[in-house]
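Hello,

Please find below the model I promised to pass on. My notes on it follow.

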Amino acid sequence: MSRVPEKPTIDGVEARFVKQWEQDGIYRFDRTAKRENIFSIDTPPPTVSGSLHMGHVFSYTHTDTLARFWRMRGKSVFYPMGWDDNGLPTERRVQNFYGVSCDPSLKYVAGFEPPFRGDPPKDAKPVPVSRPNFIELCDELTAQDEKVFEDLFRRLGLSVDWSLLYTTISEHARRTAQSAFLRNLERGEAYTQEAPTLWDVDFGTAVAQAELEDRERPGAFHKLKFREADDESKSIIVESTRPELIAACVGLVAHPDDARYQHLFGKNALTPIFGVEVPVHPHPLAQPDKGSGIAMVCTFGDLTDVIWWRELNLATRPTIGRDGRFVAQAPEIMSAQAQTQYARLAGKSAKQAQTLTVEMLRETGELTEDPRAITHPVKFYEKGDRPLEIVTSRQWYIRNGGRDEKLREKLLARGDELTWHPDFMQHRYANWVGGLNGDWLVSRQRYFGVPIPLWYRLDKNGEIIYEHPLVPAVGQLPVDPSTDMPQGFTPDQRGAPNGFAGDPDIMDTWATSSLTPQLAGHWVDDSDLFERIFPMDVRPQGHDIIRTWLFSTMVRSNFEHDVAPWKNASLSGWILDPDRKKMSKSKGNVVTPSDLFDQYGSDAVRYWAACARPGVDTAFSEDQMKVGRKLATKLLNLTKFVLGAGSNETTTSTGAQPKDLVDQAMLVRLAEVVDEATTALEQFDYARALERTEAFFWWFCDDYVELVKTRAYGETQDSSSARVSLHRALSVVQRLLAPMLPFATEEVWSWWQSGSIHRATWPTTAETLAGFNAASDVVDGLDAICLVLGAVRRTKTEAKVSQRAEVAKLVITADAKTVAMLQANLLDLRNAGSLQEIEFVVSDSNSEPTNLSAQVTLAAPLN
RNA sequence: GGGCGUUUAGCUCAGUUGGCUAGAGCAUCUCCCUUACAAGGAGAGGGUCGGGGGUUCAAGUCCCUCAACGCCCA
């Protein structure tokens, strides 16, 4: 039965087993399994328009390790993969690849041929295409990307069931996202409102709170001279970083306790340049120590302005349009002279307007000193290049507790339903939920994505009536309101008085991504499957998207299913450069995963990932991969040796049992490792399981195997105990390592077992300890033997002789009990140490502690 | 400003309810071609556990405080 190669190697095993695993379908999800026998994973769908990097390899390996563990524990593992092809990165990639742009007002053209397939010239003008055509091109392009991703993930050894694949822009995904949205709408969880909204002027879209980031930007405080309306000789100095918004000023605020401004509360001030009268109000959010302590409220300079505007019932005077430029129409309140001044700003960008305003202030003498340069945090869209503006627009929202204390409490409590790995990550969730200041804005003024599935009636003047949107029938989904028709209307009524208009917007990508359990589990069209896998057992993800992906999934599940969508959340850390900075592509020396697979083997790369404790940021380390490669190679060699030792069929068939102390003690130790590894993996701690297994493995190779190899090989001695123990330990260790090193373990398993190791049962302490009752102190005995062996080795090393050198005489001093034990188990020690004469000295049993010591006398070198 | 995390050998990190002389790998040095493996093996050196204070018979571990670094949120 020996199928052991002469020169074992892990090179090339990936291709062989990837193919075989696919053929044998060993990772196929058994959808007839009962819920309690299923382990379901809400895999993060990677963005296919990017490239796979080490961060993916890192975190997906962690998840795969867990999947493999539970599969060996007998669970039917629901392990799908998804491709995220809905969103800005894909939109950009499709535009740049085909030289097209999406225009939802256009009609679908069957058999459309894009002007380019790859690398359109820089000066090529994008050809506008309909949304359905754009999505078709997206499908075509992402299919290529997805192939590359899939190959890489297979090579990494992910035990994904590829038949469960889903994508986020597919018809099924659009139907799911639209169904979920319509049900939110029906229950009042989604609503539309005209309100101040964070707006990216370059992308031309509203942006949600979750997509914001602060960036430190240079700016300047400008000291502006307002005047008291009652007495224009009295000035009020206001410091502002955005003087260009003076025209949008609707009031001044100071802290209620600020003595400097008490006399002004309830009175009016006149703005610089334009001389518009604005009220002065007290408000606790005003910061007395910031600038002069009195702030200008504009439409809208920042989020605090929105709060003041709302709470103080201030006027609305928008000056910046959705394109980021000053609107042509000056606020009505302005005098004719002020309007002339304003006309100079019209059409300017915010930045140009600021420069011009400073000039104007200098002309009127209302800039009391030169601007004072500062750096301050400015809000950006995470993908944007210019600071966000706040404009008033009509948007769709889904309630998320940001404006509703009870819902917020409920969502916080949902966080308690999960077990967090590591547990402190729950703070981030609580922190985010507690800090929400508005509902979830889900509409986007973009073209590519899942359309908001609504139409609106038009009144007799052709104006939109937002109150009772027209919803599609369930069977009609997915719809594209820009081309599809609401029921009961005809195409010629589109845009006509008393007709209808489709909602032009799409949904935020998170509105689809928040439904990954529903997408993967086919909530809309396969309730049998969905009920088997939901709520899912685990959501693995990066900790940076707790506020987005994790939270939004929680919101949807809370509304739709009244339960947390998973039982566990497992958060991965980040990959850092060796210099502890977040790994970035811009470094130029990026190592691609496939290069590393080539160089070290997939198992070695997985080993590096599996060494990182859950949730801990980890340095990229090729050294660690080398160690993993060594481990895999060692496993091959060990297996070759053990199987060689037991190559004649006497071993397992005779029903031999471990009976030597050394063998029993080794198995007792191994049983402890099985116990620890199992407990660790049950708690999602793959790193601990690996560490314990690996430590045992090296000890097993270096000490145990060295001790017993002569006995196991020997013709003259009874080798059955050693052989059965070696085989048993080998089988257990191979299975313990299988989740981390799927290729190497499959290779060695194939030499002596039938079937895939990944379908073998997870080792137990019971099987490890079967057939014998070890005395309670066997491990102590083994420790003593190893201690003596260590002393012998040290002596030989210090004498600079080979470990094979003969020991003429060994004197062992120990307590009576240890001496008796050693005397009864001398054979292995004698073999391993090449010992000739051995003498025992019983130390005084009253002297404590009873130290074991060994005095080694080497045989004279033979020369 | 609030929250969270990290700080242990030159480097990367373990150290789970407080308890043997604080461990591993890499790196360094010495030695050994030994019939599973030289892609190996046997050893050695190297740490006032970030600083300070406290609790305790006993603190890397618990408490307080300070500092540095990182992340999230204002």
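**Contacts with the RNA**

Where RNA strand B comes within 4 Å of the protein, 74% of its atoms in that range belong to sugar or phosphate, and the rest belong to bases. Before going further: this is a predicted model, in which local features need pLDDT of at least 70 and side-chain atom pairs count only at pLDDT 80 or more, while totals for chains, interfaces and linings use all residues. Residues are numbered from 1 along each chain as its sequence is written, chains are lettered from A and ligands numbered from 1 in the order in which they are written, and side-chain values use heavy atoms, with hydrogens and water left out.

RNA strand B is surrounded by 36 residues, and the closest are Arg-547, Glu-691, Thr-797, Gln-803 and Arg-804. A residue counts as near the strand if one of its heavy atoms lies within 4 Å of it. By class, this surface has 18 charged, 9 polar and 9 nonpolar residues. Here Asp, Glu, Lys and Arg are charged; Ala, Val, Leu, Ile, Met, Phe, Trp, Tyr, Cys and Pro are nonpolar; the others, Gly among them, are polar.

Four helices, α10 (425-434), α17 (622-645), α20 (686-713) and α24 (778-798), each supply at least two residues of the surface near RNA strand B. The most comes from α20, with 10 residues. Elements are DSSP runs numbered from the N terminus: helices are H or I of at least four residues, strands are E of at least two.

- Lys-634 has a side-chain N or O atom 2.9 Å from a base oxygen of RNA strand B.
- Arg-688 has a side-chain N or O atom 2.9 Å from a phosphate oxygen of RNA strand B.
- Cys-701 has a backbone N or O atom 3.5 Å from a base nitrogen of RNA strand B.

**Cavities**

There are 4 cavities of 30 Å³ or more. A cavity is a set of points, on a 1 Å grid over the protein atoms alone, where a 1.4 Å probe fits but cannot get out; lining residues have an atom within 4 Å of a point. Grid points are joined across faces, edges and corners, and a volume is the space filled by probe spheres set on the points.

The largest cavity holds about 140 Å³ of space. Its lining has 16 residues, with Ala-208, Ala-210, Asn-400, Trp-432 and Trp-440 nearest the centre. Strand β18 (440-441) and helix α14 (546-561) are the elements that give two or more residues to this lining. The largest share, 4 residues, comes from α14. The lining of the largest cavity has 8 nonpolar, 5 polar and 3 charged residues.

**Sheets**

Strand β18 also belongs to an open sheet of 4 strands, ordered β8-β7-β16-β18 with antiparallel pairing. Two strands count as paired if DSSP finds at least two bridges between them. The edges are β8 (205-206) and β18, each pairing on one side only. β16 (residues 389-398) and β18 are joined antiparallel over 2 bridges, and Ile-398 stands opposite Trp-440 in β18.

A second open sheet has 3 strands in the order β21-β20-β22, again with antiparallel pairing. Its edge strands are β21 and β22 (500-502), each of which pairs on one side only. Neighbouring strands in this sheet are turned by 40 degrees against each other on average, direction ignored; the axes are lines fitted to C-alpha atoms, and angles run from 0 to 180 degrees between N-to-C directions.

Within this sheet, β20 (residues 455-458) and β21 (residues 464-470) pair over 3 antiparallel bridges. Trp-455 has Leu-470 in β21 as its bridge partner, and Arg-457 stands opposite Ile-465 in β21. The two strands form a hairpin with 5 residues between them, and Gly-462 in the turn has a positive phi of about 80 degrees.

**Backbone points to check**

Most residues other than glycine have a negative phi, and most peptide bonds are trans. The exceptions I noted include these:

- Leu-477 and Pro-478 are joined by a cis peptide bond, with omega about 0 degrees; Pro-478 is in the loop between β21 and β22.
- Phe-534 to Pro-535 is also a cis peptide bond, with omega near -10 degrees; Pro-535 lies in the loop between α13 (527-533) and β24 (536-542).
- Asn-313 has a positive phi, near 55 degrees, and lies in the loop between α6 (303-311) and α7 (336-343).

Regards

How values were computed. 1 Å grid on protein atoms, 1.4 Å probe; cavity = no way out; pocket = protein on both sides within 12 Å on 5 of 7 lines; lining within 4 Å. Polar contact = N/O pair within 3.5 Å; in protein donor to acceptor, adjacent residues only side chain to side chain.
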